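Try each task yourself before you peek at the solution.

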Amino acid sequence: MMTEQLRLAVIGAGAMGRDHIRYIQDDADARLVAIADPVPATEQVAKDAGVPWFADYKEMLECTALDGVVIASPNHLHVPMARETVKRGIPTLVEKPISDDLDDARAFADEARASGVPVLVGQHRRHNPKVRRAKEIIESGALGTIVTVAILYNLYKPDTYYDIPWRRQKGAGPILVNMVHDVDLMRYLIGEPVEIQGMSANSARGFEVEDSAVATVRFANGTLGTITLSDSAASPWNWESTARENPFFAPYDTDAYYIMGTKASLSLPRLHLFSHAGGVSDWTKPFVCEVQGVREGLPHRLQLKHFERVIRAEEEPLVTPEDAIKTLEVLNAVKQAADGGELVRL
C-alpha cells in the first residue's frame with residue numbers, strides 16, 4: 001500500500017537529475033529516498049540530500065522501497081534502465097529522448113504497455129500553462145487555418161558543457177537533446193509532420209555531433225514549418241531564455257515560436273495574439289495585439305505533480321512512450337535529411 005508521501009528515487013545525478021532532486025525535495029507530496037549514479041562525485045549529492053547513494057542503480061532498485069523512479073541518465077541508458085524499473089513494477093518518469101535507437105524504443109513501448117506499468121516521458125514543456133493556453137487558442141479556431149510556423153532555438157552553451165565526453169559523441173547533439181522539445185511541441189500544437197528536409201553543421205564546435213541545424217516541415221494538415229537551432233549562437237531566441245522555466249537561464253522578453261494563421265497569429269511564450277482590426281484579414285488594416293493571460297507555473301514542478309497522479313492511478317501519462325516515439329521518428333527524419341540532403345517522407 002502506498003505511503004501518503006510518495007517515495008521517489010532518481011537515477012542519474014547530472015544537471016537534469018539534480019533538478020529533479022530539487023523538485024522532489026520541494027514537493028510536499030513526495031519524498032526523495034535514494035539516488036543512483038556511478039560517478040563517485042555524485043555521492044556528495046546524495047549526502048547533501050540526506051539520502052543513500054548507490055553506484056549501481058539495480059542494487060538501489062532491489063533494496064529500496066519505491067513508489068516511483070525518475071531516470072535522468074545519459075540518453076543511451078534511458079531504455080535499459082526503464083526496462084529494469086518496469087520489470088519491477090515501478091512507475092517511471094524517463095527523461096527525453098526516450099532512446100537514440102528507434103527500434104529499441106518501439107520494443108520497449110510494447111513491453112511497457114504489456115506490463116501495465118505506467119511510463120511518463122519527460123517532455124516537460126507540455127505542462128507549461130502557456131503551452132496549454134496556446135493549444136486552447138488553436139483548437140478554438142481563433143487563428144483560422146494555420147499556414148506557417150517558425151520555431152527558434154538558438155543559444156550558446158558554455159564550452160565546459162562539452163567537458164563530459166558523451167555530449168561530444170553521436171546521439172548527443174542539439175537535434176536529439178534540444179530539438180526533441182521543439183518537435184514535441186510542434187506535434188502537440190500543429191499536428192503530425194509528413195515530410196522533412198534539413199541541413200546541419202558542426203563548424204562552430206568541430207565535434208562529432210552537430211552544433212547547428214535547420215529543418216523544414218510539411219504537416220499532414222498542409223501547414224509548413226521551420227525549426228532553426230544552434231547551441232553555438234549568442235542569441236536570446238530560444239525557449240529557455242524566453243519562457244523563464246529554469247532560473248539557470250538569463251531571461252529575455254521576446255518570443256521563440258511564431259504560429260501564423262489566416263485569421264490571426266500567435267507568438268510564444270509571451271502569448272501575443274495578433275489580428276487585423278475589425279476582424280477581417282487585410283494587409284492594409286492595422287493590427288490589434290491581445291496578450292493572453294495564464295496562471296504561471298514551472299513546468300517541471302507541474303510535471304512532477306502529474307507524475308504523482310499517474311503513480312496514484314488518477315491520470316494517464318500525458319506523454320507515453322508511443323507518443324515519444326513519434327517525436328523520435330521526426331528527429332531521425334531530420335537527421336536523415338540533414339545527413340543525406342534528401343526529402344524524407346514519414
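This is a predicted model: local features need pLDDT of at least 70, side-chain atom pairs count only at pLDDT 80 or more; totals for chains, interfaces and linings use all residues.

**Exercise 1. Find the largest nonpolar core and say which residues have the most contacts inside it.**

Solution. Start by collecting the buried nonpolar residues, where buried means under 20% relative accessible area, and join them through side-chain atoms within 4.5 Å. The largest set you get has 74 residues. Inside it, Met-60, Leu-143, Met-179, Leu-189 and Ile-259 have the most contacts. Next, ask which element gives the largest share: that's helix 11 (residues 321-340), with eight residues. Then zoom in on Leu-143. Skip its neighbours within four places in sequence, and Leu-143 still touches Ile-137, Ile-138, Ile-259 and Leu-273, among others. Finally, look for what's left over: another core, of 19 residues, lies apart, and Ala-13, Ile-21, Tyr-23 and Ile-35 are among its members.

**Exercise 2. Work out the strand order of the nine-stranded open sheet, and which helices pack on it.**

Solution. Walk across the sheet and you read 14-13-12-11-7-10-9-8-15, with mixed pairing. The ends of that walk are strand 14 (287-291) and strand 15 (344-345), edge strands that each pair on one side only. For a closer look at one pairing, take strand 9 (residues 212-219) and strand 10 (residues 224-230): they run antiparallel, joined by seven bridges. In that pair, Ala-215 sits opposite Ile-227. Helix 6 (residues 129-140) touches strands 7, 11, 12 and 13, and its direction is at about 170 degrees to that of strand 12. Helix 11 touches strand 8, strand 9 and strand 15, making about 50 degrees with the direction of strand 8.

**Exercise 3. How many of the ten residues of helix 4 are buried?**

Solution. Run along residues 78-87 and you count seven, including His-78 and Glu-84. Those buried residues pack against strand 1, helix 3, strand 4, strand 5, helix 5 and strand 6. Step just past the helix, and Gly-89 has a positive phi of about 75 degrees.

Methods:
Residues are numbered from 1 along each chain as its sequence is written. Side-chain values use heavy atoms; hydrogens and water are left out. Buried means under 20% relative accessible area, exposed over 50%, partly exposed in between (1.4 Å probe, protein chains only). Helices (H or I, at least four residues) and strands (E, at least two) are DSSP runs, numbered from the N terminus. Contact means heavy atoms within 4.5 Å. Two strands pair if DSSP finds at least two bridges between them. Axes are lines fitted to C-alpha atoms, for helices over the stretch in contact, and angles run from 0 to 180 degrees between N-to-C directions.
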